[in-house]
Amino acid sequence: MTKPLSDLPQLAPEHFRVPDPARLQRPPSAHPPRILLLYGSLRPRSFSRLLVEESARLLQAMGADVQVFNPSGLPLPDDAPDSHPKVQELRERVLWSEGMVWCSPERHGAMTGIMKAQIDWIPLAAGAVRPTQGKTLAVMQVCGGSQSFNAVNQMRVLGRWMRMITIPNQSSVAKAFMEFDDNDRMKPSPYLDRVVDVLEELLKFTLLTRDVSPYLVDRYSERKEGAEELMKRVNQPKAV
């Protein structure tokens with residue numbers, strides 16, 4: 001610190017922390033990185049699903065433990081209770097994961113409602129647990145025509161809102177109907193090369209951050225707010 005904390009009287013000193021490099025050094029977890037993949041279309045030949053399936057194969061080849069969520073049957077947000085089986089399945093997979101891949105078609109210049117519904121069913125907080133906080137995220141999109149970035153840009157905003165570590169790289173596959181063969185496998189192309197780049201980067205960031213993510217997202221404002229709320233609860237008048 002270049003100045004003593006006494007020069008900052010507006011701060012709550014008991015909640016102020018100087019970042020500690022030692023807390024970023026922890027023994028690495030031994031299990032494979034756990035990656036959850038979401039896609040945003042229910043068409044019989046969904047190119048976002050095909051891209052996710054190709055991504056899952058690549059991630060497994062890189063040593064990851066992979067799950068793919070099928071959004072078929074997931075109700076609209078607020079149109080069913082949280083106890084709905086598909087909602088519970090999605091939330092359990094999110095809690096299991098250490099990183100995620102979101103892949104959506106671009107429809108009407110935006111991600112699809114199916115993609116957004118999955119994200120909306122993931123709560124910002126469940127009790128004392130923030131299901132997405134500190135997890136890594138890679139975003140991808142498929143386009144029916146020329147290359148666009150509206151969907152990935154929107155998903156980046158959502159990733160930040162969900163307090164995820166969204167990696168710098170991303171993928172946007174133009175004219176996706178031309179990029180998969182008759183066996184629904186992605187053809188060799190610069191688009192495929194970019195997908196490999198994105199997934200490799202995702203796994204590197206996941207390995208780098210997964211063991212220290214609680215410290216990375218620990219915030220002064222939340223430590224301070226938590227203490228104030230505790231004081232209000234502890235010091236409230238007794239019920240008559």
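Ser55 sits in helix α1, where helices (H or I, at least four residues) and strands (E, at least two) are DSSP runs numbered from the N terminus. Ser55 is buried, at a relative accessible area of 0%; buried means under 20%, with a 1.4 Å probe and protein chains only. This is a predicted model, in which local features need pLDDT of at least 70 and side-chain atom pairs count only at pLDDT 80 or more, while totals for chains, interfaces and linings use all residues. Residues are numbered from 1 along each chain as its sequence is written, and side-chain values use heavy atoms, leaving out hydrogens and water.

**Around Ser55**
- Beyond its neighbours within four places in sequence, Ser55 is in contact (heavy atoms within 4.5 Å) with Leu37, Met140, Val195 and Leu199.

**Helix α1 against helix α5**
- The two helices, α1 and α5, pack at about 55 degrees with axes 10 Å apart.
- On the α1 side, the contact is made by Leu51, Ser55, Leu58 and Leu59; on the α5 side, by Leu192, Val195, Val196, Leu199 and Leu203.

**The nonpolar cores**
- A nonpolar core is a set of buried Ala, Val, Leu, Ile, Met, Phe, Trp, Tyr and Cys residues joined through side-chain atoms within 4.5 Å.
- The largest has 27 residues, of which Ile35, Leu37, Leu51, Leu59, Val101 and Met140 touch the most other members.
- Two or more residues each come from β1 (34–39), α1 (47–61), β3 (99–107), β5 (136–142) and α5 (190–209).
- Another core, of 22 residues, lies apart from it and includes Leu36, Met111, Trp121 and Ala151.

Notes: Buried means under 20% relative accessible area, exposed over 50%, partly exposed in between (1.4 Å probe, protein chains only). Axes are lines fitted to C-alpha atoms, for helices over the stretch in contact, and angles run from 0 to 180 degrees between N-to-C directions.
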